[in-house]
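Please look over the sequence and the structure shown here before reading on.

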Amino acid sequence: MPIRRAVRDLLARVVPRDRRSAPPSAVMPVDGATDAKVERPRRERSRLRREPGTTEILPSLGYFGGIAANYLAVAVTGGVREIELFLPRREEGQLDLRGIELYRGGRRIALDGDRVDVTQSSDATKDDRSPFMMGGIRTKREVGPWWRMWLAETLDVDEIRVYNRLDGFGRRNRRLTVAYAADDGRFTPVSTDSDRVVRSTLDLLARLTAITVTDEDLGSVERARALRRELLARLADRAREGLLTADPTEQRLVLSAIRLEPGSDDEEPSDDEWALLGHALAAERHRVPTTATSIRTFHLLLRTRARLERLAREANAAGEVVGTPPAVLSRHGLVDDGGLRARSDEYLDTIERASRLLGDLGYPTMLAYGTLLGAVREKDFLAHDDDVDLMVPLEAMDRDSAEPVLGELRLALQQKGWKVTRPNSYTNFHLHDPSNGLHVDVFPLFVDGERTTLHMEKMKLRSIATSIVMPPAPITFKGRELLGPAKPEAFLAERYGDGWSVSDPYYDWPWRLDG
């Protein structure tokens, strides 16, 4: 086990390092004691979720996404000194989240190691990126998993945002509780499946449909099943006329009434459910135009090309109603049809500026992956692509030896005035052009003699012959003189297979599609 991982696992089982910096709710042992007792927050009351009719009417109770257009928002009063995320204490489960952020007045509060300490019941993350930078919060599967942070001082916070993992396995967190405390150590819990959430969701549905669900209805499976069909029909009718609600939390709660994963018989969603799923994605695009939507959170349901295409049609039909541009499916989600093509001159300008910047730092920059595929096969950006891919060579044997070099490169780019972000736990990074706000996705090549290692299918690292990529060769793309790999066609065959010259928008899809 790597040393850093072992240290984190040890810290997850102990209290903070000394009494002087202990969080307010930690009860430190007296001299001679061996264990520290820490106050643990409780969940909100959740009796209604156990009613047989609740799972019929709200089959996806507790759902939330993991993107800027769909997350769990927790309103805060009184500031924050501690936060605990946990699943039911006596049940086996796994915390599996993308990250957490703190906000004040709509602005994110930057957190660093000097201001915050973190412990957790166990650690199953794959790297050492911060959970405050979407590096992940993940425990092992265990009884009562939890994650806890405490700050050196109380922060003036008015919102906590919790981001789920991006795919359908975010269902692991549907019984999540987010509890926060200020200096007094008294926790305020917010549980995603609480009676409060059930009642507020039913109140929302009643407001949208004029159908009231009573406690007596929740006690009957048959009655609840009939009410749900009626609720979905009225919601779908309203959605076909306009936006159901502009509030992001309400948009998320409406999805509680839709089955987001197949049942035992893999029953096809009803027409009303398809319409509401499409409406949900169109509503996200309406509120956050740059989003690729939460489509991946439905991946357990979207197991065939036919279902993906049905959802894309529904989202576009809903988009015509709410006022979003036509969209196409991409491996990242739903994106504007021909989005890169519509702004091709701006993106080409950014490619040239980024290439000059990286070149001046000693890194010749080549077109890569989907951008190279478009340049060679279609002489244009791909219609379904939504980002620009570049790659730069590093003299490194593997990822471990490359990380220090990458760290220095990212710092040098920032010092030149360009913003650098890491979208995932892989080695690539986003480089943001300060002149127009567009970004390119930069991928490193680990060049080690005759073999070069790089991200290939499903982002796995594997090696190819160095002669395929090095030395960089000139390539003309839409009238711009740029660089590509030494053998572009051979590179595309390595990455996309021998059929690379034929368009297939489902190639290398993020999840397995049946058939």
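Leaving aside its neighbours within four places in sequence, with which residues is T466 in contact? They are V447, G449, E450, R451 and T452, where contact means heavy atoms within 4.5 Å. The model is a predicted one, in which local features need pLDDT of at least 70 and side-chain atom pairs count only at pLDDT 80 or more, while totals for chains, interfaces and linings use all residues. Residues are numbered from 1 along each chain as its sequence is written, and side-chain values use heavy atoms, with hydrogens and water left out.

**T466**

- T466 sits in helix α13, residues 466–469; helices are DSSP runs of H or I with at least four residues, numbered from the N terminus.
- With a relative accessible area of 10%, T466 is buried (buried means under 20% relative accessible area, with a 1.4 Å probe and protein chains only).
- The side chain of T466 makes a polar contact with the side chain of T452 at 2.8 Å, a polar contact being a pair of N or O atoms within 3.5 Å, of which, within protein, one must be able to donate a hydrogen and the other to accept it, and residues adjacent in sequence count only if both atoms are side-chain atoms.
- A polar atom of the T466 side chain also lies 2.8 Å from the backbone oxygen of G449.

**L340**

- L340 belongs to helix α9, residues 339–342, and is buried because its relative accessibility is 2%.
- Apart from neighbours within four places in sequence, L340 is in contact with Y347, F381, D385, D386, D387 and V388.
- L340 and I468 are 128 residues apart along the chain, and their C-alpha atoms are separated by 27 Å.

**Cavities**

- There are four cavities of 30 Å³ or more; on a 1 Å grid over the protein atoms alone, a cavity is a set of points where a 1.4 Å probe fits but cannot get out, and lining residues have an atom within 4 Å of a point.
- The largest cavity holds about 80 Å³ of space, a volume being the space filled by probe spheres set on the points, which are joined across faces, edges and corners.
- Its lining residues include L244, Q251, L255, H279 and A280, and the largest share, four residues, comes from α7.
- The second largest cavity holds about 60 Å³ of space, and the residues lining it include A69, N70, Q251, L255 and A280.
- α6 and α7 each supply at least two residues of the lining of the second largest cavity.

Terms used: Buried means under 20% relative accessible area, exposed over 50%, partly exposed in between (1.4 Å probe, protein chains only). On a 1 Å grid over the protein atoms alone, a cavity is a set of points where a 1.4 Å probe fits but cannot get out, and a pocket is an open set with protein on both sides within 12 Å along at least five of seven lines; lining residues have an atom within 4 Å of a point.
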